[in-house]
Amino acid sequence: MARLTRQTVRIDGERGVLAPATLGQRSIWVDIDRQMPDTSFYNSTVFTPVPEGVDLPGVLAALDALVRRHEALRTLFHRAPDGNLTQQVMAAGELPVEICEATAEDPDPRALVDDLEARVRGHRFDHTTEWPIRPAVGVLDGAPRVVITCVSHAATDYLGTRVIGGELARLLAGEELPPPAMQPVELAEFERSEPGRRVQERSLAYWREQLTTAPSAIFTPREPEDLRYAVATLSSSAIKLALDALATRYATGSSVVLLTATAKVLGRRTGHDRVPMILIAGNRHRPELRGYVGNLVQDVPATIDVSAEDFAALVRSCWGTAMKAYRSGISDRQEISALRGTLAATADPSCYFNDLRQVGPDTGRIEEVTAERLRTAQATSRLTFGPGYEVDELTFFLKVIEDGPDRLELTVRADTTRLGRSDAAEILREIEELLVTVAAQERVLAATGAP
C-alpha cells in the first residue's frame, strides 16, 4: 500500500534582501492577482528522473542545493506602502517535500505518480508567506525514481522551469555547478538604471506605434457559451513533420513558420489582411540570462501582414515583423497600460501566440517528407477539449509545447464572446491543414481556410 509523507529541508545561511520587483515579476503578478485565490492556475511541474544509486537523502541534498542557488525559489512578495510590488529574498526557511512511497505490488504505480503530480500542482501558494516551490519525490521499493517539482509562475517563467529541471538532473548526478550569473535582485537594479530605462523607453515607443497603427478587433461579438473561456487541444505529428520540413525549406525557425500559419488562418477566417497578435518575448538573449531562474517573458505586439498568397513570401515578411517585435520585448506593464488609456486606441492586442519550445533553424539531417507521409500522420492527430473557465483577459491564445519527441501539442484558449468552442477546434485543424498542404507542395492555399 502506498504511503504519503512529508519531510522538510532546512535551508540556512543564504543572502536575505528586500528589493523592488523586476518588470517580469510585476507583470506576472497582475495575472496571478486576477486569479486569486486560486494561485494554482499559474503552477507548472517539472519531472526529473533520479539516477540509480541516489537515495532519498541524496535527493533532498540536491533540492537543498537547487533552492540555495536560485533566489527566486526563496522569494516572497509584498506591496510596499506606495503600492509597488517588492521581492523579499529569504535567507533561511524550510522547504516542504512530499514523499510518495510505493512498491511493485501496488496495482498502478504510474497512477500514483499522476496523483502526486496533481497534488503538488494543485497547491495554492500564499506568496506572502510561502516559497514558490513545492517538490515531491516518487519512491518505488525504497529507491527514489522521480522528482516532481511544482513551481509557481511567480518564481519563474516556463524557460526558467526548464533550467530548474536541467540543473536538478545535474545535481542529482553529483555535478558541481557554477553560481548563477544573474539573480532577480540584480536584474531589478539594472532595470532601474539609466541603460535599463533606455531599453524600456524604446519598447514604449514601439508599443505606441503598434497601438496607433494596428487594426481594431478582428473578431465580431457573439453570445457567450456556458463558461466564457473554452479550451481545445490538438496533438499532431503532422504539424511537427510539416514545420521541420518548412523550416529547412525556408532556412528559418519553425516558430516563425507556425506564427505565419496561425496569422494566415486567423486572417482568412475574419477577412483581414493585417492580423494583430501579441507575441511572448523570452528576453533571454543576453548570455547572463540564459540560465536565469525568474520571470523574463513579456508581451509584445506585432501586426502580421497576411495579404500574400505565396507562403514563402508570408514567412519572410513575418520573420522581419517578429524580429522587430522581439527586440522591443522588455517593457513596464504599468506604463503600457497607462499608454493604452491615454491613446484610447482601438487596436485590440488580445490574440496571443506563445511557442514554448526552444527551437531555431534546422541544421541537422534533412529528411524527406512526402505528401503521403504527411497525410498519414495527419490521420493520427488527436483533438480534445479541456475544462472551460470564467476569468481571463484574452480573445485567442495559442500555446505550443512538445508532446513527446515526434508530436506537438497546440492548445487554444478562446473567449466565447468572440470565438466558440467549435471555432477554436476548427482553427487548430485549419493551421494543421495549411502546414501540411504547403509542406506537401500543394499550392492551393484557398482550400485551407474559410472563404
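Modeller: A salt bridge here is a side-chain nitrogen of Lys or Arg within 4 Å of a carboxyl oxygen of Asp or Glu. By that rule this predicted model has 38 salt bridges.

Biologist: What makes E426 and R269 a salt bridge?

Modeller: Their closest N and O atoms are 3.4 Å apart, and the cut-off is within 4 Å, so the pair counts. E426 sits in helix α12 (residues 421-439) and R269 in helix α8 (residues 254-270), so the bridge ties together parts 157 residues apart in sequence.

Biologist: Why is E426 called partly exposed?

Modeller: Its relative accessible area is 36%. Buried needs under 20% and exposed over 50%, so E426 falls in between. R269, at 23%, also counts as partly exposed.

Biologist: How do you know that E432 and R429 form a salt bridge?

Modeller: The closest N and O atoms are 3.6 Å apart, and the rule asks for within 4 Å, so they qualify. Both lie in helix α12, three residues apart, about one turn of the helix.

Biologist: And what makes E432 buried?

Modeller: E432 has a relative accessible area of 1%.

Biologist: Why is the contact of R357 with D355 called a salt bridge?

Modeller: N to O, it's 2.7 Å; the limit is within 4 Å, so that one passes too. Both R357 and D355 are buried.

Biologist: Which residues are linked in a network of salt bridges?

Modeller: D31, R34, R333, D392, E393 and R413.

Notes
Residues are numbered from 1 along each chain as its sequence is written. This is a predicted model: local features need pLDDT of at least 70, side-chain atom pairs count only at pLDDT 80 or more; totals for chains, interfaces and linings use all residues. Side-chain values use heavy atoms; hydrogens and water are left out. Helices (H or I, at least four residues) and strands (E, at least two) are DSSP runs, numbered from the N terminus. Buried means under 20% relative accessible area, exposed over 50%, partly exposed in between (1.4 Å probe, protein chains only).
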